[in-house]
Amino acid sequence: MDERSLLLLGMLKSQSQHGYQINEFIEKNLSRVINMKRSTAYTLLDRLCEQGYVEQRTEQEGHRPVRKVYTLTEAGEQKFNELLREILEQADPMTSPFDVGLMFLDHISHDELRAALQLHLQRTHQQIVVYEATPAHGFGKGVDIAMRHRLALLKAEQSWLQETLQQLSP
C-alpha cells in the first residue's frame, strides 16, 4: 500500500463515488500533489475491492451506461487510518532524478551546466507562480496544508538553484 491507496480510501471516506468522479477529482484538484493515471486508479480500486477495503456495486441512471460505484468498508476505514498514520509518521528520503543528474555534472561543460540549471530555475519559478495562484481549497485544512508544503519545497529548490548558479558564476 502507498499514498495512492491512501488517496483513494480517503476520497471514499467522505462518500461513495463512481470511478469517473474519482478520476476527475484527482485530475482537476490533485494533479499537482500526486501523479496517478486513470488506469492506475481503476487497478488500485479493483485491488482494494479484492482486499475487502472497498465494495463495488453497479448502478444505472436512465439510459446512461452502467457505472461502478465504490464504497469504503469498515475494514477500509481501518486501513485508511493505519495508512494515514504510517505516511504522516515516516521520513522517507526524498529521491529525485535531478539528484542523479547532479552526480554526473562533471561530464558536461560549465556553460551547458549553467544553461540547464537556469532552465530548471525558470521552470521551478513557473511552478511556484502556479501554486501561489491556486485558491484555497476551502474544505478542511489538509489540501491547503499539502499545497503549502509543495510550495515550500519548490521555494527551497529555487533558493538552492540561485545559490548554486551564483557559485558557478565566472
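Leaving aside its neighbours within four places in sequence, which residues is Asn23 in contact with? Lys37, Arg38, Ala41 and Tyr42. Contact here means heavy atoms within 4.5 Å.

## About the model

This is a predicted model, in which local features need pLDDT of at least 70, side-chain atom pairs count only at pLDDT 80 or more, and totals for chains, interfaces and linings use all residues. Residues are numbered from 1 along each chain as its sequence is written, and side-chain values use heavy atoms, with hydrogens and water left out.

## Helix α2 and Asn23

Asn23 sits in helix α2. Helices (H or I, at least four residues) and strands (E, at least two) are DSSP runs, numbered from the N terminus. Helix α2 has 12 residues. From first C-alpha to last it reaches 15 Å, close to the 16 Å expected at 1.5 Å a residue. The expected span is 1.5 Å times one less than the number of residues.

Asn23 is buried, with a relative accessible area of 4%. Buried means under 20% relative accessible area, exposed means over 50%, and partly exposed lies in between (1.4 Å probe, protein chains only).

## Helix α3

Helix α3 covers residues 38-50. Its 13 residues should span 18 Å at 1.5 Å a residue. The end C-alpha atoms are 19 Å apart, which agrees. Five names make up its buried set: Ala41, Leu44, Leu45, Leu48 and Cys49. Seen down the axis of α3, these buried residues fall within an arc of 140°, so they line one face of the helix. The arc is taken from the directions that run from the helix axis to the C-beta atoms.

What covers that buried set? The cover includes α1 (3-14), α2 (19-30), β2 (54-59) and β3 (67-72). After α3 comes Gly52, whose phi is positive, near 85°.

## The sheet

Three strands form an open sheet in the order β1-β3-β2, with antiparallel pairing. Strands β1 (17-18) and β2 stand at the edges, each with a single partner strand, so one side of each is left without a neighbour in the sheet. Two strands pair if DSSP finds at least two bridges between them.

β2 and β3 pair over six bridges. Here Glu55 stands opposite Thr71 in β3, and Glu59 has Arg67 of β3 as its bridge partner. β1 and β3 pair over two bridges. In that pairing His18 has Val69 of β3 as its bridge partner.

## Helix α1 against the sheet

Helix α1 lies across β1, β2 and β3. It runs at about 90° to β3. Axes are lines fitted to C-alpha atoms, for helices over the stretch in contact, and angles run from 0 to 180 degrees between N-to-C directions.

Apart from neighbours within four places in sequence, Ser5 is in contact with Leu44, Leu48 and Leu83. Lys13 also lies in α1, but Lys13 is partly exposed, at 35%. Not counting residues up to four places away in sequence, Lys13 touches Leu72, Glu77 and Phe80.

## The nonpolar core

In soluble globular proteins, nonpolar side chains tend to be buried together. A nonpolar core is a set of buried Ala, Val, Leu, Ile, Met, Phe, Trp, Tyr and Cys residues joined through side-chain atoms within 4.5 Å. The largest core here has 22 residues. Leu8, Leu9, Ile22, Ile26 and Val54 touch the most other members. At least two residues of this core come from each of α1, α2, α3, β3 and α4 (74-89). The largest share, six residues, comes from α1.

Take Val54. Leaving aside neighbours within four places in sequence, Val54 is in contact with Leu9, Leu12, Leu48, Cys49, Tyr70, Thr71 and Thr73.

## Across the chain

His110 is found in helix α6 (residues 110-133). It is partly exposed, with a relative accessible area of 38%. Lys13 and Gln166 are 153 residues apart along the chain, and their C-alpha atoms are separated by 48 Å.
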